[in-house]
Amino acid sequence: MQNDRSLSISRVEPRRSRRRFWLALSGLSTIAAVALLSPYCVRFPFVRARIERALGSQIGANMRLGSILFGWSSGLTIRDIEIANPPFFPAEQPMLRLHELHADLQFLPLLSGRFDFATKLQGLQLSVIEQGGRFNFACLSPTANLSVPEALPGKSPGGVAQNAGQPPVDLKASRFAFTLTDANITIQRDGQLLESLTNLTCRASKEAGESLLQIDLDGQLAALPQRPAGTLHAACHGDPIARTGDLEFRAEGLDLARFRPLLEGALAEGALTSCSGRIDGSCSARIKAGTAAAITTSGALKIEQLQLAGGLLPGIQLQIGHLTLQPKIEFTTDAAKHSPRLSLAAGGGAQSLGLANGDLQGKLVGLRLTLDIGKPDSARVSDPSAPTASHTTSATRAANESLADLPLSLDIQISDSEIQLLRLLEPVEIVRVNSAHIVKAFDATLVRIDLDGSLAALPGLPAAIFNGQCTVDTGANIADLQLTTTGLELARVRPFVDRAFKPGDRTELTGLVTGTCAVHLVDLHEPVATVRGVFDVSRPHLAGALVRGMNVTAAHWHVEPNFTWHTSDAAALPVLASDFTLDLGCVQLHPLDATALTTELAGKAGIGFAVVADLDSLASFGGPIPSILSGTRGRVSGAVAIALNNGALPPVAELLNAFTADLRVESGPLSHSGFVLHELDMNVSLRNSTATVRTTRSTQLNHGPLVISAATTLSNPAAANLDITLAWQNGKVAGETAQLLRYLVPLLAGIDAKAANFAADMDLSVTLHGPLQKLAGENWLQYLNHWSGTGEFSLRDGKVVPAPALQGLMQPLGSLLGPKVSLGDNGTLALDVITSKFSLHQGALENKAMNWINKGRAIGLSGKVALDGTVELLLDLLPLLQAHKDGARIAQALANQNLAAGIGGTLDAPKLALPELGKTLRNALLDPNSALKQEAENLLQKGLQDLLHGRKK
């Protein structure tokens with residue numbers, strides 16, 4: 001039985017072997033059949049449609065294939081390929097159109113490890129479109145996850161092949177060929193054609209048995225509006241095995257503006273706002289990689305009318321009429337063999353700039369640079385991304401230290417160059433550099449710059465000449481600058497001055513400046529600047545917002561700005577030298593000497609000026625200085641000072657406490673409304689935020705000594721009060737002085753200053769208290785309503801012709817009582833003596849005890865005068881009646897009767913109300929109990945009947 005089993009097994013094994021053979025043969029036959037039939041299958045429309053859909057879904061755009069041909073010996077050929085634009089882009093033109101693509105891969109060489117592949121593209125038409133900030137080619141971005149799995153066999157975690165053996169393909173034995181012919185590329189943005197590259201050809205090849213890869217590119221740039229046609233050629237021949245390469249670029253009529261859209265797409269918004277210039281020439285480079293890498297370049301590129309601007313060059317518009325670049329560079333990482341070498345030529349001819357072995361020498365001619373220094377006021381917004389002061393200081397320090405360690409020799413000359421300064425695209429300055437020389441020794445840290453130039457004439461601005469020198473020693477961390485100018489018109493800096501004020505607050509600034517200024521800087525990281533100089537300004541004119549509406553003119557200004565300034569502290573003030581001088585004609589400032597400054601600041605450190613100001617000139621300029629000071633020989637002299645904390649200003653809240661002033665104000669006669677202030681002599685003092693003013697006894701008002709003292713606190717002006725005390729003796733008042741005195745003496749109301757024949761002597765003392773400033777929206781009357789005070793005055797030996805409305809005061813009780821019962825004398829009122837004590841409260845002057853002595857008779861007055869001119873005054877006429885020989889008995893009889901005159905109305909239009917004496921006497925006679933009735937017979941005998949029944953006054 002065992003033998004039978006063995007026989008059975010032996011019969012099964014041959015049967016299984018034959019079955020496997022036939023299965024393998026069947027599979028190979030199927031594969032061979034598919035392989036042989038596949039070139040014919042791809043021609044079927046349904047197969048081509050499947051391929052179109054599959055490729056279209058991969059690239060994210062609709063695709064159309066005209067025909068597909070494939071042969072094992074002839075390769076793959078696809079004709080009339082089109083890729084449509086994605087939605088929202090023009091549908092009438094495809095994104096890509098290719099007449100024919102042919103790819104041929106030789107399979108037999110693969111069996112021996114060689115790679116032989118050739119590709120040809122013919123009739124490529126590529127349309128690149130940007131619309132609304134989007135590119136049509138964005139749809140081709142891959143969406144598949146192309147990351148390498150961590151556990152991919154044969155890969156290390158870093159993705160580097162673990163097999164460090166020979167590559168599977170022999171690169172040197174392989175052959176590669178790529179050809180692109182009859183290609184056209186257009187670039188559009190929002191419907192505008194930006195670039196058109198035609199007749200583009202590209203050939204790339206590597207022959208078998210060689211390691212050299214060659215790439216050649218040629219094309220023509222079509223002519224566009226304001227852009228000429230041009231040609232370009234680029235070639236790259238590299239040996240990947242030897243790790244060497246040769247690059248070549250050649251252009252003719254290439255306009256840089258053609259590349260601006262591409263550069264703008266690659267850079268941040270606003271980085272490049274202007275880019276133009278025509279390039280002609282060629283350049284080449286040879287590169288060697290490895291441990292001793294090296295690069296060598298040669299060639300020459302000529303650039304005409306180069307213009308560059310944008311965020312890459314902040315605030316700068318670079319303009320160069322003619323520039324020749326000769327990029328001769330020799331560089332190797334093996335420092336023992338070569339050091340960097342660079343050659344650059346600008347301006348053509350003998351002009352050049354070259355760097356060789358650390359020696360930079362050359363000449364630049366015809367450089368044009370444009371700077372835009374201004375922006376609209378609405379655009380003045382702080383940039384939160386701007387570097388802070390500490391970052392800027394660190395960057396400056398790093399730059400200085402790098403320059404100090406740089407083994408570089410400089411000898412550069414610049415001539416016939418120009419810098420334009422623009423503000424909102426309008427030229428505000430044109431600086432012409434006639435010559436400039438920059439020199440630095442090889443191992444030194446000292447750099448010297450000598451500059452000679454001019455400012456071009458502009459409309460209304462004459463040309464000016466300047467020259468300067470700058471020496472910077474980065475090793476010692478110091479710098480010296482000196483600038484000399486002749487005929488510099490101050491109007492050139494007015495645009496910069498105007499930026500400090502509100503729009504429309506125009507400042508006029510003119511005058512020709514001639515002089516020299518030198519600056520010495522110590523510690524370039526946080527400089528301490530010492531300034532010395534002498535400037536003269538002829539025919540200066542200053543007006544507008546800068547001087548609060550004044551119109552300042554002078555024949556000559558002289559300035560010596562000698563000071564030291566710690567510029568690192570924004571709140572620091574300059575420390576003035578003893579010879580600091582500012583002579584503006586109307587104002588002279590000189591620094592206080594050490595002794596005077598110590599006295600002024602009570603030993604504290606600070607700065608101070610000796611001040612002299614001509615009030616005549618300042619008043620004639622208009623503005624806030626009262627015009628009455630003009631022609632008075634007015635003068636302000638004295639000292640002002642401010643205490644500093646380590647050279648810096650104190651906080652704003654403490655600024656007034658740190659400020660001191662001791663000034664003397666003098667002037668000749670000042671006249672206003674008939675008052676003449678003779679020989680004004682006034683002292684002004686400011687200490688601890690408290691200001692005081694006091695005149696001396698030499699000050700006279702209308703020939704009488706006047707003493708005024710005032711005091712206020714300035715720490716909070718809105719809440720501060722002003723206290724004023726005035727004492728005036730033996731003043732002579734006359735004529736139009738009555739216009740102001742009528743508030744104190746209402747008898748002067750309504751008079752004509754010329755016809756009034758007013759004259760008197762006067763004493764006045766008053767104390768006033770009120771707010772320093774008006775409240776918002778208040779008028780002057782509302783402001784004065786807050787003031788209060790008390791005072792007294794005496795008017796002596798006076799006379800006045802009263803206003804027509806007050807003529808009744810001449811004989812207020814009637815003419816029949818005779819001349820003794822009269823206040824007048826030859827048509828005038830006799831003001832022998834008028835005395836009063838008064839008070840100011842709620843906008844009115846109230847007389848509490850006014851006494852009028854008229855021809856020895858005392859007449860009492862009471863009432864008030866509002867500051868708006870309203871009058872309410874009563875005159876007691878009983879003392880006047882007593883002047884009659886029978887007046888005492890009449891007055892006694894009328895003891896219970898009202899016998900007073902009233903003055904009402906206003907100071908400009910007064911109204912007089914006199915008592916009716918006749919009616920009063922008749923009423924008294926009819927009264928049987930009247931004392932007057934008992935003596936009626938005697939009174940009748942003396943003629944009183946004529947008074948009662950005769951003429952009436």
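**Entry 1: the second largest pocket**

I started with the second largest pocket, which holds about 530 Å³ of space. Of the 20 residues lining this pocket, I found L490, V513, F535, V537 and V559 closest to its centre. For my own reference, a pocket is an open set of points on a 1 Å grid over the protein atoms alone, where a 1.4 Å probe fits, with protein on both sides within 12 Å along at least five of seven lines; lining residues have an atom within 4 Å of a point. Volume is the space filled by probe spheres set on the points, which are joined across faces, edges and corners.

I noted that this is a predicted model, where local features need pLDDT of at least 70 and side-chain atom pairs count only at pLDDT 80 or more, while totals for chains, interfaces and linings use all residues. Residues are numbered from 1 along each chain as its sequence is written, and side-chain values use heavy atoms, with hydrogens and water left out.

Which strand gives the largest share of the second pocket's lining? I got strand 23, with 4 residues. Strand 23 (478-489), strand 24 (507-522), strand 25 (528-544) and strand 27 (556-560) each supply at least two lining residues. Strands here are DSSP runs (E, at least two residues), numbered from the N terminus.

Nonpolar covers Ala, Val, Leu, Ile, Met, Phe, Trp, Tyr, Cys and Pro; charged covers Asp, Glu, Lys and Arg; the others, Gly among them, are polar.

**Entry 2: the largest pocket**

Next I looked up the largest pocket, at about 1800 Å³. It has 44 lining residues, and I708, I724, L726, L740 and L768 sit closest to its centre. Strand 40 (residues 704-713) brings the largest share of that lining, 6 residues. I noted 35 nonpolar, 9 polar and no charged residues there.

I then picked T244, in strand 10 (residues 244-255). Buried or exposed, or partly exposed? T244 counts as partly exposed because its relative accessibility is 22%; the cut-offs are under 20% for buried and over 50% for exposed, with partly exposed in between (1.4 Å probe, protein chains only).

Leaving out residues up to four places away in sequence, T244 touches H237, G238, D239, R286, I287 and K288, where contact means heavy atoms within 4.5 Å. T244 and I287 are 43 residues apart in sequence, yet their C-alpha atoms are 5.6 Å apart.

L254 is also in strand 10. L254 counts as buried, because its relative accessibility is 2%. Its C-alpha lies 7.8 Å from that of L221, 33 residues away along the chain.
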